[in-house]
Amino acid sequence: MPDPDLDRYYLTTAIAYANNRPGLHTLYEVIGADAIARYRRMKGHDTRFLTGTDEYSVNIALTAAEQGKDPKHFVDEMVALFKAAEDALQISPDRFIRTTDEDHQRAVHEMIRRSYANGDLYVGTYEGWYCPNEGFIPASQLVEDANGTHCANHPNVELQWLSERNWFFRLSAYQERLERYYAEHPDWVQPEYRRNEMLGFIRGGLEDFSVSREKATWGVPFPIREDGSSAQLPDGSWDPAAGRVYVWFDALTNYITGAGFPDDPAAFAKWWPCDVHIIGKDINRLHTIMWPAMLMSAGLDLPKLVWVHGWLLVQGERMSKSRGNFFDPNDMVAALGSDGTRYAALSEVAFDRDSDVSWDSFVRRYNADLANDFGNLVNRTVTMVNRYLDGERPPPSEAALLQPTWLSALEGYRMNIEGFLLHEAIASLWGFVANANRLVDAEKPWELAKAAQSGDRPAERRLRDVLGDLVEACRLLALAAAPFIPSTAPRVLAQLGHEWRYAENGTGGPPLLDELGWGASGGQPGRVGTPEPLFPRLDVEIPVA
RNA sequence: GGCGGAGUAGCUCAGUGGUAGAGCAGGGGACUCAUAAGCCCUUGGUCGGUGGUUCGAAUCCGCCCUCCGCUACCA
């Protein structure tokens, strides 16, 4: 029978600003989304996972110019760094979208045409302090001292008060509609406190925002002129006098470009609205106030859910490139491995709030959970089967010694991963790791083996039952943890003598929840492999940059 | 300033009326299948302060202190 829950699943991350090499604080969100995407694929959903880079801005054009590079050349280099880091972390996007992609420009243009047709775009005057090195400076970043007013990043550059004729989006017209949408979809922004913050903001009144820049050169060309006519020239290029699209319509639209808008209506009908946008708290307002208003204006459905995660902190301060306190994901992969890095990040950082991280905490987490608890459990299980049963793998026992605890662990795992509390899902699984380790010490297979040697038949049966259930426990754990540790999970199954039936990105196998039933491996005979440490213990303190 | 949240063991947190909890870290022990891992036991907290309500408060109410989030054009 068809399972209505096994629909297609479309999830996105925010696109990363391609102005620098990626840090862990940027990739953390992508790792989390990747784990969710893998879980959905293994569960059987037709899954689409979109992530990518945001590449247009005045700042990027300036940075590129400072380095004597063409902006496109500059972002190509940055994107290569992002892709390399994501490859090293086994990130599995179905599309890596770039705002410089050709189809994205068509999507942005279509969004703007629709919004204009709906009467929500008008030409107005945008004015404010302008830094020649950086563009318009918001009031929050102005510094005032004895020398006057200037921008925080360029204290010696004189500011100019500039006015531009720019396009504005009529956000003020959407206050009531947004309030109603929030009321009718009380769970659409999560966690709840993030929803409440935004609702409070909406109730405080909404102002229109500018959506174009008259003088910018590095950006999507604005597609219409002031009179509403197309700004496309006879040769197919776009009239520079129409200006460029300013961030909002450019960046946010990537989510529908990635679903096939507007080129592929069939794909778009299939994938949109997305199931979830995974974003950081710093861009909550863009995604839960501006973006939904833009979609309403264009006559498109709103995302089903926006999940807002917190920040990584280092000694209480936000991890960021500008502070220079960021962890290089490549260093982490070098030390902890791909899966070790993914696991450490997702277990040590709560997905619903800020979390302080440190190199020590990551290493401790790796050693305690991966090396000592889980890795060692697999290792001792495989070793005992080899030593006491000559490598012949016993089936799960009729006694099903660990089944009750597995059922509650599985429920906690499923509920939490589907509710985006990835750290809680991991904690639920690792509680079961402890249960399995306790079973070993309670049953003492080494004593059962000795008794069996001297002809004690009940002891021999018990030995096979205990080891059969431990093998089953390891199989279940590896499969359930596969979204978090995709490289290691197949290695666990191999050591247990089981076949790994999923493709590298998690597709193509049997429904995960079927496989996660206690005893689902059945009684097929088989032999375990050679025990080999999955997560070598880290004994050396590795200094962090 | 306004609105909201939080202050519980060294660290991260759970616990919303009935004799204070978990994980990690620290200490001790028995074992030995294992990556000197695992298991068992254990040190450690006037539950931010204060005044109330109650037979009884970490838990409810008032006041105070501290910290944090949101408070629009940065991607």
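How are α4 and α10 oriented to each other, roughly parallel or roughly perpendicular? The views below, all taken from a predicted model, start there.

**View 1. Helix α4 crosses helix α10.** Here we have α4, residues 102-117, meeting α10, residues 284-298. Their axes come within 8 Å and cross at roughly 70 degrees. Angles from 65 to 115 degrees count as roughly perpendicular, so that's the label for α4 and α10.

**View 2. A look at the residues where α4 and α10 touch.** On the α4 side, the contact comes from Met-111, Arg-114 and Ser-115. α10 brings Trp-291, Met-294, Leu-295, Ser-297 and Ala-298. Sort the contact by class and you get five nonpolar residues, two polar ones and one charged.

**View 3. Arg-194 sits in helix α6.** The helix here covers residues 192-203. Is Arg-194 buried or exposed? Its relative accessibility is 10%, and the cut-off for buried is under 20%, so this arginine counts as buried. Set aside the neighbours within four places in sequence, and Arg-194 is in contact with Val-189, Lys-281, Asn-284 and Val-308. One of these, Asn-284, belongs to the stretch 284-298 that makes up α10.

**View 4. The second largest pocket, with a volume of about 260 Å³.**

Note on methods: Residues are numbered from 1 along each chain as its sequence is written. Chains are lettered from A and ligands numbered from 1 in the order in which they are written. This is a predicted model: local features need pLDDT of at least 70, side-chain atom pairs count only at pLDDT 80 or more; totals for chains, interfaces and linings use all residues. Side-chain values use heavy atoms; hydrogens and water are left out. On a 1 Å grid over the protein atoms alone, a cavity is a set of points where a 1.4 Å probe fits but cannot get out, and a pocket is an open set with protein on both sides within 12 Å along at least five of seven lines; lining residues have an atom within 4 Å of a point. Grid points are joined across faces, edges and corners, and a volume is the space filled by probe spheres set on the points. Axes are lines fitted to C-alpha atoms, for helices over the stretch in contact, and angles run from 0 to 180 degrees between N-to-C directions. Helices (H or I, at least four residues) and strands (E, at least two) are DSSP runs, numbered from the N terminus. Angles under 35 degrees count as roughly parallel, over 145 as roughly antiparallel, 65 to 115 as roughly perpendicular and the rest as oblique. Contact means heavy atoms within 4.5 Å. Ala, Val, Leu, Ile, Met, Phe, Trp, Tyr, Cys and Pro count as nonpolar, Asp, Glu, Lys and Arg as charged, and the others, Gly among them, as polar. Buried means under 20% relative accessible area, exposed over 50%, partly exposed in between (1.4 Å probe, protein chains only).
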